[in-house]
Amino acid sequence: MRFSEIVGQQALKEQLIRGVLENRISHAQLFLGPEGSGSLALALAYAQYICCENRSERDSCGECGSCRKYSKLIHPDLHFSYPFFAKHKEDTALSFIEEWRGTFLANPYLSLDEWRNQLDADNKQANINIAECHQIIRKLSLKAFESDYKVLIMWLPEYLDKEGNTLLKIIEEPPQKTLFLLVAQNQDQILNTILSRTQLVKVQRLKDEDVADYLVRKHHLDEEQALRISYLSEGNIQAAVNLSKEESNNNFGMFSDWLRLCFTNRGLLAIEFSDNIAKIGRENQKNFLRYGMKIMREVLMVLAGAEHLVHLPGNEKEFVVNFSKVLNSAKAEAIINELEKAHYHIERNANGKILFLDVSLQFIKILKFNTLPSGTQYILN
């Protein structure tokens with residue numbers, strides 16, 4: 001992974017390169033950025049640049065033995081740690097290294113959901129366990145094989161529980177020329193004892209135009225479609241890719257029909273809708289709910305008098321504008337809240353048929369009978 005292959009983040013790339021050229025390489029760094037911003041790809045490009053045998057003032061060469069091995073994630077001095085779904089207590093990240101290489105090389109902007117889909121996760125929780133911590137200590141205690149630096153890239157250290165304290169000594173006093181690169185999304189969920197031992201590298205969300213350019217180049221979308229999707233993805237390349245795939249499905253038709261039948265209080269159709277959507281699978285249900293949340297947030301934009309900021313294709317924008325005429329901000333926020341709760345429960349394996357029927361009934365109460373959920377903070381206009 002070279003810096004030139006990474007979308008946007010030009011100022012940060014220059015900062016990282018300058019630090020290496022000036023020999024200012026902190027042994028423990030935390031790349032902190034939102035999902036889909038390229039934090040993981042940046043950490044790998046940074047490590048490749050440090051270990052490159054013929055680097056320039058702009059990038060790694062991409063041709064030396066070190067770069068070729070880095071490009072395939074097979075360099076003997078490059079180690080990865082990441083959340084996984086252990087089947088046995090002795091499982092470590094190495095148990096899933098082939099799946100990891102394939103998934104990362106296919107998509108350096110991957111999310112935890114996409115990584116989970118590559119594994120037989122069942123109902124297990126992702127974590128970085130104590131066996132993995134011991135494995136990290138053993139690997140980094142060995143001498144480097146080829147490069148000056150041994151590099152450990154840990155993706156999502158938020159999934160280190162108290163077992164992470166096992167790593168404190170080696171992070172604070174590592175063997176010579178050992179580099180820890182932690183790649184995180186939520187600083188508040190990282191153990192404070194680890195956080196205090198790292199140097200922060202802040203990764204900003206990507207600009208909409210950078211995401212749009214990526215969609216045009218890599219996924220061959222037309223410019224107008226790419227700009228609209230980049231706006232909805234809020235700087236998240238993984239979300240943008242997911243949305244580009246949704247262009248071929250009927251999320252808009254399903255969601256608009258759902259709201260219409262709830263608005264007209266057609267209970268039998270709500271039951272039929274719940275039966276049908278229960279059959280499309282959990283991931284598709286989650287994408288559908290996320291799409292619904294985005295549409296309702298666009299409704300809020302219209303209600304706030306910012307219709308000019310709504311970047312949607314004609315039929316979707318027409319629906320948003322027309323639907324906003326029968327809503328107020330309180331109802332729109334209540335609907336978004338119901339969609340967020342449904343997404344939360346779907347992630348935790350709720351029964352789809354029961355869940356969507358319950359949400360439908362809540363929508364009917366909000367849209368038809370002007371009744372907001374009890375205990376709500378919303379105030380009717």
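Q: What makes a residue of helix α17 count as buried, and which residues of α17 are buried?
A: Buried means under 20% relative accessible area.

Q: Why is Q362 called buried?
A: Q362 lies in helix α17. Its relative accessibility is 17%, and the cut-off for buried is under 20%. Q362 therefore counts as buried. Leaving aside neighbours within four places in sequence, Q362 is in contact with E338 and P373.

Q: What do the buried residues of α17 pack against?
A: They pack against α12, α13 (267–277), α14, α15 (314–324) and α16 (329–347). Contact here requires heavy atoms within 4.5 Å.

Q: Where in the protein chain is confidence highest, and where is it lowest?
A: Confidence is highest in helix α17 (residues 352–367), at a mean of 95, and lowest in helix α10 (residues 223–233), at a mean of 77. The mean pLDDT of the protein chain is 87, and 96% of its residues reach 70 or more. Where pLDDT is low, the predicted coordinates should not be read in detail.

Q: Why is strand β4 described as largely enclosed?
A: Seven of the seven residues of β4 (residues 178–184) are buried, so the rest of the structure largely encloses this strand. Both faces are covered: T178, F180, L182 and A184 are buried on one side, and L179, L181 and V183 on the other.

Q: What makes β4 a paired strand, and which strands are its partners?
A: Two strands pair if there are at least two bridges between them. Strand β1 (residues 28–32) is joined to β4 by five bridges, and the two run parallel. Strand β3 (residues 150–155) pairs with β4 over six bridges, also in the parallel sense. Both counts meet the cut-off. In β4, L181 is the bridge partner of Q29, and T178 is the bridge partner of K150.

Q: Is P34 buried, exposed or partly exposed, and what makes it so?
A: The relative accessibility of P34 is 38%. Buried is under 20% and exposed is over 50%, so P34 counts as partly exposed. P34 is found in the loop between β1 and α2 (39–51). Not counting residues up to four places away in sequence, P34 touches Q185, V203, Q204 and R205. The C-alpha atoms of P34 and N236 are separated by 7.7 Å, although the two are 202 residues apart along the chain.

Q: How many aromatic pairs are found, and what makes F255 and W258 an edge-to-face pair?
A: A search of the whole structure finds 22 aromatic pairs. In the pair of F255 and W258, the ring centres are 6.2 Å apart and the planes are at 75 degrees. Centres must lie within 6.5 Å for a pair, and planes over 60 degrees apart count as edge-to-face. The pair is therefore edge-to-face. F255 and W258 are three residues apart in helix α12 (residues 251–263), so about one helical turn separates them. F255 is buried at a relative accessible area of 1%, and W258 is buried at 0%.

Q: Why is the pair of F255 and F288 called edge-to-face?
A: The ring centres of F255 and F288 are 6.0 Å apart and the planes are at 70 degrees, so this pair is edge-to-face. F255 is in helix α12 and F288 in helix α14 (residues 282–303), 33 residues apart, and the pair links distant parts of the chain. F288 is buried, with a relative accessible area of 0%.

Q: Which residues do ring pairs link into a cluster?
A: The cluster consists of F255, W258, F273, F288, Y291, F356 and F363.

Definitions and conventions
Residues numbered from 1 in each chain as written. Predicted model: local features only at pLDDT ≥ 70, side-chain atom pairs only at ≥ 80, totals over all residues. Heavy atoms only, no water. pLDDT = per-residue confidence, 0-100. Helix = DSSP H or I, 4+ residues; strand = E, 2+ residues; numbered from the N terminus. Buried < 20%, exposed > 50% of the residue type's maximum accessible area, 1.4 Å probe, protein only. Phe/Tyr/Trp six-rings, centres within 6.5 Å; stacked < 30°, edge-to-face > 60°.
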